[in-house]
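Visitor: I would like to go through a structure with you. Could you put it on the screen?

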Amino acid sequence: MTAYRRGLLLSPLFAELSDPSLDYLVRKARLVTFDAGERVVARGDEIRYAGVVLSGGIRSSITSIEGCEASSSVVRRGSFFGIMGIPEPTKSHWDCAAVAKTELVALYCSDIRASFAHHPEIALLVAKALNYRLKKSFSLISNATLQNLENRVRRTLVMLAGDPRYGGEKPADIAITQEALGNFVQCTRPTINKVLKDLERAGMIEVGYGRIRIVNMRALQAEIEDEAVYYL
């Protein structure tokens, strides 16, 4: 139980709850694990549980009729995943899969809904989480349609690196191919390669085979809005 409490408290949202409300959720919590590449929820399936990511990460993507996959985000340690299924039974609009071996302190959405009558502050927590999620959605739209390509790449790399609260100033290694990164920002591999070389020359990253290392996170973040990069 103590481990579940610590896991939930990784999210600043849960840290705002009173002890009785947090105790209720801890009693309902369970640990769910996924192997790298394992499907967490498929598009069209009901979102049955939500929770806080302990380790690893969960990538959301959608595949077109032509078979082209577009990734939207990756949530990592401390992020609250699955909130869209809490207010009412909801089908996922995304395919969500683990990007590495992933652990989630999970709560069934039905258990969270059942708490609203006796623990109204949990309902407020969900409302705040949905508000953050809405702001992140607007940020994703802005990133895809209004930002120049370099800023889109920089923002995506920061998102893929994870919340800096858990990484400090250490270099962050991202296991990703240039083709996969192109899926995030919707451009070709040669174009991505050019942008990455520019960022490498500027001393922000190092590009290796199937990986990108962020060596100067501050510089990479300098001209992007990072409020909605993390959290949800």
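Visitor: Among contacts between residues at least 6 apart in sequence, what percentage join residues at least 24 apart?
Guide: The value is 74%. Please bear in mind that this is a predicted model.

Visitor: What is the average pLDDT of the protein?
Guide: The average is 84, and 85% of the residues score at least 70.

Visitor: Where does pLDDT stay under 50?
Guide: That applies to residues 227–232. The model has 29 contacts beyond four places in sequence for this stretch. Where pLDDT is low, the predicted coordinates should not be read in detail.

Visitor: How many helices and strands are there?
Guide: The protein has nine helices and eleven strands. Of its 232 residues, 45% are buried.

Visitor: Let us turn to the helices. At what angle do α6 and α8 cross?
Guide: The axes of α6, residues 149–161, and α8, residues 189–201, cross at roughly 75° and come within 10 Å. An angle of 65 to 115 degrees counts as roughly perpendicular, so α6 is roughly perpendicular to α8.

Visitor: Which residues meet there?
Guide: From α6, the residues are Leu149, Glu150, Val153, Arg154 and Leu157. They meet Thr191, Ile192, Val195, Leu196 and Leu199 of α8.

Visitor: And how do the residues of that contact divide by class?
Guide: Seven are nonpolar, one is polar and two are charged.

Visitor: What about α7 and α8, at what angle do they cross?
Guide: The axes of α7, residues 178–185, and α8 cross at roughly 95° and come within 9 Å. The two helices are therefore roughly perpendicular to each other.

Visitor: Which residues are involved in that one?
Guide: Gln178, Glu179, Leu181, Gly182 and Val185 of α7 meet Arg189, Ile192, Asn193 and Leu196 of α8. By class, this contact of α7 with α8 has four nonpolar, three polar and two charged residues.

Visitor: A change of topic: where is Asp95 found?
Guide: Asp95 is in strand β7, which spans residues 95–98.

Visitor: Is Asp95 buried or exposed?
Guide: Asp95 is buried, because its relative accessible area is 17% and buried means under 20%.

Visitor: Which backbone nitrogen lies 2.8 Å from a polar atom of its side chain?
Guide: It is the backbone nitrogen of Arg43 that lies 2.8 Å from a polar side-chain atom of Asp95.

Visitor: What else is Asp95 in contact with, leaving aside neighbours within four places in sequence?
Guide: Besides Arg43, the contacts of Asp95 include Arg39, Val41, Ala42 and Arg59, as well as Ser60, Ser61 and Thr63.

Definitions and conventions. Residues numbered from 1 in each chain as written. Predicted model: local features only at pLDDT ≥ 70, side-chain atom pairs only at ≥ 80, totals over all residues. Heavy atoms only, no water. Axes fitted to C-alpha atoms, helices over the stretch in contact; angles between N-to-C directions. Helix = DSSP H or I, 4+ residues; strand = E, 2+ residues; numbered from the N terminus. Parallel < 35°, antiparallel > 145°, perpendicular 65-115°, else oblique. Contact = heavy atoms within 4.5 Å. Nonpolar A, V, L, I, M, F, W, Y, C, P; charged D, E, K, R; others polar. pLDDT = per-residue confidence, 0-100. Buried < 20%, exposed > 50% of the residue type's maximum accessible area, 1.4 Å probe, protein only. Polar contact = N/O pair within 3.5 Å; in protein donor to acceptor, adjacent residues only side chain to side chain.
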